[in-house]
Amino acid sequence: MRVLVGLKDIAKAAGVSVSTVSNVINGRKNVGKETKERILQLCEEMGYRPNIIGKSLKTGQTNTIVFIFSNFERSFYLKIINGINDYLAENGFDLIVCTTNSSKNFVRSNFTRGAIVLDKKMTDEFLVSIAKPVYPIVVMDRLIENEYIKSVVTENYSIMSELVQALVDKGFRNFGYIGGYEDSLDHRERYQAFIDTLTHNNISFQRTNYYHGDFSEESGYRAANIFILSNSLPEILVCANDNMAIGALKALQENKYEVPKDISVTGFDDSRDAENFGLTTVTIPRYESGYLAAKELVEMINGTSNNENFKITAKINWRDSVK
């Protein structure tokens with residue numbers, strides 16, 4: 001059984017008062033260098049961990065940030081979390097990661113200092129209701145107009161336009177599209193860029209070549225099978241994310257279609273499996289976006305942030321799934 005180590009235990013081992021240990025733990029500068037180093041060494045050796053909950057309830061102040069997300073299937077979340085955690089650790093903040101079901105317990109100013117939200121289940125209205133000068137929020141992949149909320153979003157439109165234009169330049173004319181959640185910013189911007197670029201090139205797009213998915217591999221698999229069963233495979237299938245593209249690739253492979261000989265496929269995100277499938281996709285710097293989201297939030301907390309939203313640039317990664 002693990003024994004919890006408290007300030008009294010550290011103080012006894014170091015031969016100092018509890019208040020001296022507390023001063024060191026809280027970063028105060030009124031303790032000598034040798035004493036400070038001895039206390040920190042004992043904290044490490046004895047496995048001391050500060051009681052964040054108890055401290056926040058007592059003082060009404062905490063240096064803990066909560067990251068809220070809902071979809072465990074998308075591997076890039078780990079990269080985002082790593083980016084968030086690295087910036088917060090460099091700047092003296094702790095991180096809690098939670099999902100929608102438990103998140104409302106953490107978005108209180110006496111428990112966490114602010115929130116980074118990448119969860120479509122948390123409505124704009126709810127986030128506006130809890131955002132305050134003492135509790136700023138950074139949202140990812142959506143835009144909310146509020147002075148205490150800042151958005152970190154991918155520059156979806158320009159990079160999707162660049163991808164589709166490059167496909168047109170390669171000679172493609174018959175396009176199919178698999179979209180994601182229709183109320184999501186990612187879907188709306190990517191699909192609008194797709195349509196606008198085809199229109200700019202005088203290429204008509206048949207709505208019958210559009211299938212609605214939900215960003216999951218299963219929805220891409222189903223959509224590709226519908227294309228196959230309808231005997232109306234396009235030359236190129238553009239997917240709003242990698243999960244759906246990979247689902248489509250699996251369906252095509254099962255039905256003996258060769259990619260890119262019979263049909264080309266593109267994704268968006270450059271997820272962990274994209275390279276294994278040779279998928280042409282759009283690379284979004286997920287680690288960097290998490291790092292920047294944390295940076296923006298800490299600046300809001302410190303009162304040094306501007307009012308502008310932050311846009312993440314992306315690039316095309318050409319692989320073997322395009323002819």
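Which residue of strand 7 does I178 stand opposite? The analysis rests on a predicted model, in which local features need pLDDT of at least 70 and side-chain atom pairs count only at pLDDT 80 or more, whereas totals for chains, interfaces and linings use all residues. Residues are numbered from 1 along each chain as its sequence is written, and side-chain values use heavy atoms, with hydrogens and water left out.

The protein chain contains 12 helices and 12 strands, taken as DSSP runs numbered from the N terminus (helices H or I, at least four residues; strands E, at least two). Four of the strands form an open, parallel sheet in the order 7-6-8-9, where two strands pair if DSSP finds at least two bridges between them. Strand 7 (210-212) and strand 9 (264-266) are the edge strands, each pairing on one side only. Strand 6 (residues 175-179) runs parallel to strand 7 and is joined to it by 3 bridges; here I178 stands opposite Y211. Helix 10 (residues 217-229) packs on the sheet, touching strand 6, strand 7 and strand 8 (236-239), with contact meaning heavy atoms within 4.5 Å.

Buried residues (under 20% relative accessible area, 1.4 Å probe, protein chains only) make up 48% of the 323 residues in the protein chain.

Terms used. Buried means under 20% relative accessible area, exposed over 50%, partly exposed in between (1.4 Å probe, protein chains only). Axes are lines fitted to C-alpha atoms, for helices over the stretch in contact, and angles run from 0 to 180 degrees between N-to-C directions.
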